[in-house]
Every structure is written in C-alpha cells, then in structure tokens.
Amino acid sequence: MTAPVQDAPPRAIPVQDLPRPSDLLPHRYPMLLVDRVLELVPGESVRAAKAVTLNEPWYAGLPYTPGFDHAYPQMLLIESWGQTAGLLASAVGDAPVGQVMLFGSVADAEFHLPVLPGDTIEHRVRISRSLTDSVIFEGSSHRGDETVMTVTRMVMAFRPAGRLRPEAQNADDEKREETIR
C-alpha cells in the first residue's frame with residue numbers, strides 16, 4: 001500500500017535564482033533599504049541584508065566624530081524590515097496583479113541594540129498569517145549573532161492601484177454624482 005500524496009513543503013529558491021530587491025519592490029534610491037536577498041521560501045520566509053553606511057542621506061551634514069554614536073534611525077530599521085516583508089509578499093507566484101502593497105501597522109517592535117554605520121543587518125521575516133487581501137508578518141533583525149530588533153507583528157494590505165490614484169477617485173466621484181442626479 002502506498003502512502004497518501006501530500007503537498008510538498010515550500011522550497012527555498014536556489015541562490016542563483018534569487019531576485020534583486022528592485023525586481024520585487026517599487027522603491028528606489030534613497031528609499032530602497034534592502035541590498036540583497038539571502039534566502040527566499042515563497043509563502044513562508046525571507047532573509048535579506050542591509051548594509052548601513054555613512055553615505056546614506058540621513059547622515060548627510062553630520063560631522064564625523066570618532067567615537068560618536070551615529071545610530072541608524074529606528075524608523076528606518078523598521079522600514080527596511082518592512083521592505084523585506086514586502087519582498088516576501090511580492091514573491092508569491094499568484095501575487096495580486098494591479099494591487100499596491102500598503103503598510104498597515106506594526107506591533108511590539110523592540111530595539112535591543114543600536115545599529116551603526118559599518119554594520120550589515122540581516123532581516124529575518126516569516127509569514128504569520130495570510131488573508132485574502134492582507135498579510136501578517138513576524139521576525140527579527142540581526143548583526144552577526146546579536147539580535148538588534150524583534151517584530152511581533154506587522155500587517156500589510158493589498159489594495160487596487162486604480163483606487164489609490166487621484167484621477168480614478170475623481171472619476172468615481174463624478175459617477176456617484178451622476179447616479180444621485
């Protein structure tokens with residue numbers, strides 16, 4: 001007697017086939033805050049790297065003083081982690097066409113250590129739950145063996161791109177006005 005056929009578990013994309021962040025995200029310099037995808041298991045998890053340097057715009061104009069703590073802004077660490085989550089959401093083969101990915105919320109983000117220029121951060125993101133038009137993520141960010149940040153929950157929603165454009169909104173408003181008349 002043969003064993004019942006089961007769905008195969010998700011598999012990591014081979015290293016040579018990993019997408020570049022700019023292949024999956026609309027962000028570009030200076031707001032593309034993910035440098036490289038390290039591992040991607042579609043529908044499950046992603047690991048990505050961000051190298052922090054003094055060449056980034058948020059450090060412009062700051063005098064460099066040896067020993068001074070130029071900690072990377074925490075909001076940008078959250079944004080970089082969120083972009084990594086966006087890579088995972090966008091990497092699904094049946095990702096919604098014509099949809100825009102929107103940041104919904106983040107809960108219980110905890111910062112454990114400062115991130116400094118010269119650090120390479122590895123973001124680790126897992127899908128906690130996937131709904132029809134929203135995805136919930138969890139994970140952490142690391143500098144080597146040290147955890148610099150943990151995220152208990154981040155929510156992203158997908159919405160039709162046409163509904164977010166002002167001209168589409170104006171057209172909808174005109175249709176509503178005509179219906180009322």
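These are my notebook entries on what I looked up in this predicted model.

**Ground rules**

I number residues from 1 along each chain as its sequence is written, and my side-chain values use heavy atoms, with hydrogens and water left out. Since the model is a prediction, I ask for pLDDT of at least 70 for local features and count side-chain atom pairs only at pLDDT 80 or more, while totals for chains, interfaces and linings use all residues.

**Entry: confidence**

I started with pLDDT, the predictor's confidence in each residue, from 0 to 100. The chain has a mean of 85, and 80% of its residues reach 70 or more.

**Entry: the chain as a whole**

I counted 4 helices and 6 strands. For these I took DSSP runs numbered from the N terminus, with helices being H or I of at least four residues and strands being E of at least two. Along the sequence they follow the pattern α-β-β-α-β-β-β-β-α-α.

Next I looked at burial: 33% of the 181 residues count as buried. My cut-offs are under 20% relative accessible area for buried, over 50% for exposed, and partly exposed in between (1.4 Å probe, protein chains only). The accessible surface comes to about 11300 Å², with 53% of it belonging to carbon and sulfur atoms. Such areas come from the Shrake-Rupley method with a 1.4 Å probe, and for residues only the protein chains shown count as cover.

I also checked contacts, meaning heavy atoms within 4.5 Å. Among those in the chain with a separation of 6 or more, 63% are between residues 24 or more positions apart.

**Entry: the largest pocket**

How much space lies in the largest pocket? I noted about 400 Å³. A pocket here is an open set of points on a 1 Å grid over the protein atoms alone, where a 1.4 Å probe fits, with protein on both sides within 12 Å along at least five of seven lines; lining residues have an atom within 4 Å of a point. Grid points are joined across faces, edges and corners, and the volume is the space filled by probe spheres set on the points.

The lining has 21 residues, and Leu25, Pro26, His27, Met101 and Leu102 are the closest to the pocket's centre. Helix H2 (74–90), strand E3 (99–111) and strand E6 (146–160) are the elements that give two or more residues to this lining. H2 gives the most, with 7 residues. I sorted the lining into 14 nonpolar, 6 polar and 1 charged. Nonpolar covers Ala, Val, Leu, Ile, Met, Phe, Trp, Tyr, Cys and Pro; charged covers Asp, Glu, Lys and Arg; the others, Gly among them, are polar.

Gln83 sits in helix H2. Is Gln83 buried or exposed? Gln83 counts as buried because its relative accessible area is 1%. Beyond residues up to four places away in sequence, Gln83 touches Leu25, His27, Met31, Leu32, Leu33 and Val34.

Glu79 also belongs to helix H2, and is partly exposed because its relative accessibility is 27%. Its contacts, leaving aside neighbours within four places, are His27, Met31 and Leu33.

Most residues other than glycine have a negative phi, and most peptide bonds are trans. I noted a cis peptide bond joining Tyr29 and Pro30, with omega about 5°. Pro30 lies in the loop between helix H1 (21–24) and strand E1 (36–41). Asp108, in strand E3, has a positive phi near 55°.
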